[in-house]
Amino acid sequence: MKTHNNFDERFEFTGTAKTISLVGIVLGVIGIAFGFISGGDHIQRVYSNLLLMGYFFVCVCLAGIFFSAYNYVAQAGWSASLIRIPQAFAKVLPIASIILILIITAGLLHTHTVTENGKTETVPYLYAHWAAHGITTPGSENFDAIIYGKKGFLNIPFFYGVLIVFLGVYSFLGIKMAKFSEAEDTEGGMANYDKIFKYACIFLVIFGFTFPIFAFGVIMSLEAHWFSTMFGWYNLAAMHVSGLAVIALVIIYLQKRGYFTWLNENHLHDLGKLIFGFSIFWCYVWFAQFFLTWYANMPEESVYFYKRWEPEYKWWFWLNIVLNFLAPLLLLMSRDAKRLSNRVMWTCIVLIAGHWLDYYLMIMPGTVGEHRGFFIEEVFTFAGFAGLFFYLVMGKIAKAPSLVPKKHPFLQESLHHHR
Amino acid sequence: MAHHHESIIREPLMTGKDMTYARITNEILLPVENKPNKAWWIGFVVSALGALLWVVSISLTFWYGLGEWGLNKTVGWAWDITGFVWWVGIGHAGTLISAVLLIFGQNWRNSINRSAEAMTIFAVICAATYIVAHMGRPWLAYFTLPLPNQYGSLWVNWNSALMMDVFAISTYFSVSLLFWYTGLLPDIASIRDRAKGLRRRIYSILSFGWTGSLKTWQRFETVSLILAGISTPLVLSVHTIVSFDFATSLEPGWHTTIFPPYFVAGAIFSGFAMVQTLLLVTRKVLGLENYITMFHIESMNKIIMLTGSIVGVAYITEFFIAWYSQVEYEQYAFINRATGPYWWAYWSMMSCNVISPQLFWSSKLRRSIPFSWALSIVVNIGMWFERFVIIVTSLHRDYIPSSWAMFYPTWVDVGVFIGSIGVFFTLFLLFIRVLPSVAIAEVKLLLKTASEQAKMKQIKEGHLEPAEVQYYKESLTKYDSVDMADYEKV
């Protein structure tokens, strides 16, 4: 173990890494442009993919705040020396939020005509099932009594209210916590630690009560007739695993570049345990939702899974369980596996692909339906957002005054952490 | 983790001056090696009378059948299954403390795991009695097992969640018992080494020939971790299956998908409340203030607040989705809960489980022993009502208004429930007389690293951030077992 670490070291974000992330962004733009130019069903695919990645992007940044908040509240010692990484995610949340809101706005404004059951209607590309014109106007030929009953929640002003207020509050609290932590570096003492603790509690309470509503609105309402109480926690589990996987990947990347030399296999081991455990938890909520819907066999609920068992999705439906449950279960089961950076890295890559697929299965059947695809739009949009995320997060890490919270009261515990 | 880099701001897990390994053994074994005091006898007589009530009520049930209970055609499940789930839920804290907190390296569990695990075993025993009791013909209990038989196609119904329950709970009971007993081995050996005569013989057999060699300890650590790994999924599985009982078999079609994790959170919530109920009294009566400190009490209160809030999110989500679903039956089920004839049960549940734990945001209340104790009782009442609301309120008004009915318990219903509490306390009181209520070997691990005395030594040595030392001293003021006068000079 190295005994002397240079805590004044700064990260420089230049060269190939920067170029690759910019290439990713360009690919994303190309993918989106390709979809729009191709027209027809491709436009729907572009919107669905944008929503998917916009939501994924927001969720990973949110997971950064969630991770640092619960680590502070639980007085975790091991994570103190890596907390700057999730804090960088938090700083990117405002940008991610704006992008998500822009995507949703474009998807709501941009309409097209569809013919369903012999009836032609003009619907927006996103949230067609509740935001279509006249759907909640009694007497309109598009009128839908069930959606009319839900209009207290499913209406444009309230929807925007949820997006802006929730994402605004999450961003504010996340950035505040990161700033206090940076102030602690220069000021020392316990005052900043206390403030972070307090803000972390406030964040967790607000987040715990509001995140399910956020998931109900942004994702579940794509198929506005369908409902499941578990959906919020299911999304919470997906968000958490994705966030942990991205945190681990960023750490492994930075270590390969020669930074964060104070982190070792013990820290990776703890992250690995969380990834392993919460992947099982994800599968647990996935199964519980599926099982109870299957068991009750109520048409208004089981229709959701019927759609996902059509030939277009069935293969992907089961692959979801393989990637997000079986893969981490088998790859990270043993103690040694969690301590090998390459093993953790590959598992995290599988999990990020897996949770992309998980969101794909939440979004696509209710939007693109049988016109699903997996090529330019999907891969390039993913590349675009991955590039953007990498570019922004690395930028924030480079700008941070230090890579380690030098005066964190648990820093010594983290530096000498061993399992 | 307990090592010499532990931050000074971590609050001590053991208080007291001049603590030694010998003193720890002596203090914890005091009730085991001496005649019980008056408080114990009073508690025991009251509990045993309760247990007697249970014997009478359950005998009547077996003799005359389930007609002794207040069940009717519409409400075919009531206090019995409510009591069953209540006990299973309470049984969750033990495994959470022994397994999950072990995996997370939370060494404050060392002082409370023993009693919590014992409580788990006794609670699951109480729950198991309900399973047998409401079979109606308990002598046919073996029908729940998939045994080859000569009755043609008579076979257990694997599609029934109640069937899965038999397996979930028996697995849970076996693993919990194994975990508890394995942890007890070094402590039983300590009693053996100090005992004489027949007592020594008995504890000698019970200790499985524990030698205390390095190899034994190594195996002990390994087996603890393996059992923790096996138990962790069990914390989730048992109450998941229990939640399936209601999500799949109350009213045809009625369910909410959030049930499994929300039941698990509720179980941990009630389990910690019961640990608090027991330990706050045990701590005082057995003089364990140095081991079960204010930090432990406060931490448990925080978990009660957290799990109570999780349950609260689930309640609100259920209500919201019932409205959002726009399904008439779904909506009625919830409107009937809040405003129907059982509104008082619903609002008791809401105020006890969701609103009252929020009082623990106040550090003053969180650190008040009488308040914590009272709230732990409130939470247990609330969790009883939660199951009552889910079961009876869902059943009493089904799809056909002509079959709507109310449920009125008979004295036998009440007797079985109150009696089971008597059985539980009788077992717990016997336990603290014959086995150490705190894991001696495990709290000894805290002495050199996480005790007040070790931290005092660290402060005297210097080399610490003054701000952090000050922070630590301030945190000590809440302890009822720390003399702040000792800190004036250092």
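Throughout this passage, buried means under 20% relative accessible area, exposed means over 50%, and partly exposed is what falls in between (1.4 Å probe, protein chains only). The structure is a predicted model, so local features need pLDDT of at least 70 and side-chain atom pairs count only at pLDDT 80 or more, while totals for chains, interfaces and linings use all residues. Residues are numbered from 1 along each chain as its sequence is written, chains are lettered from A and ligands numbered from 1 in the order in which they are written, and side-chain values use heavy atoms, with hydrogens and water left out.

B:H463 is not a glycine, yet it has a positive phi of about 60°. B:H463 sits in the loop between α17 (452-461) and α18 (466-476) of chain B, and at 80% relative accessible area it is exposed. Helices here are DSSP runs of H or I with at least four residues, strands are runs of E with at least two, and both are numbered from the N terminus. A:Y127 also has a positive phi of about 60° without being a glycine. A:Y127 belongs to the loop between β2 and α4 of chain A and is buried, with a relative accessible area of 1%. For background, most residues other than glycine have a negative phi.

Both β2 (119-124) and α4 (128-131) also turn up in the lining of the second largest pocket, each giving two or more residues. A pocket is an open set of points on a 1 Å grid over the protein atoms alone, where a 1.4 Å probe fits, with protein on both sides within 12 Å along at least five of seven lines; lining residues have an atom within 4 Å of a point. The second largest pocket has a volume of about 1,100 Å³, taken as the space filled by probe spheres set on the points, which are joined across faces, edges and corners. Its lining has 40 residues, and A:V114, A:E116, A:H129, A:G366 and A:T367 lie nearest the centre. The lining divides into 17 nonpolar, 12 polar and 11 charged residues. Here Ala, Val, Leu, Ile, Met, Phe, Trp, Tyr, Cys and Pro count as nonpolar, Asp, Glu, Lys and Arg as charged, and the others, Gly among them, as polar.

Salt bridges come next, each a side-chain nitrogen of Lys or Arg within 4 Å of a carboxyl oxygen of Asp or Glu. In one of them, A:E265 meets A:R339 at 4.0 Å, N to O. A:E265 is in helix α9 (residues 265-296) and A:R339 in the loop between α12 (335-338) and α13 of chain A, so the pair ties together parts 74 residues apart in sequence. A:E265 is partly exposed at 37%, whereas A:R339 is buried at 18%.

In chain B, the closest N and O atoms of B:E298 and B:R366 are 2.9 Å apart in a salt bridge. Both B:E298 and B:R366 are buried, and they join B:E11, B:R367 and B:K478 in a network of salt bridges.

Finally, B:T257 lies in the loop between α8 (214-249) and α9 (259-285) of chain B and is buried at 1%. Its side chain makes a polar contact with that of A:S228 at 2.6 Å. A polar contact is a pair of N or O atoms within 3.5 Å; within protein, one must be able to donate a hydrogen and the other to accept it, and residues adjacent in sequence count only if both atoms are side-chain atoms.
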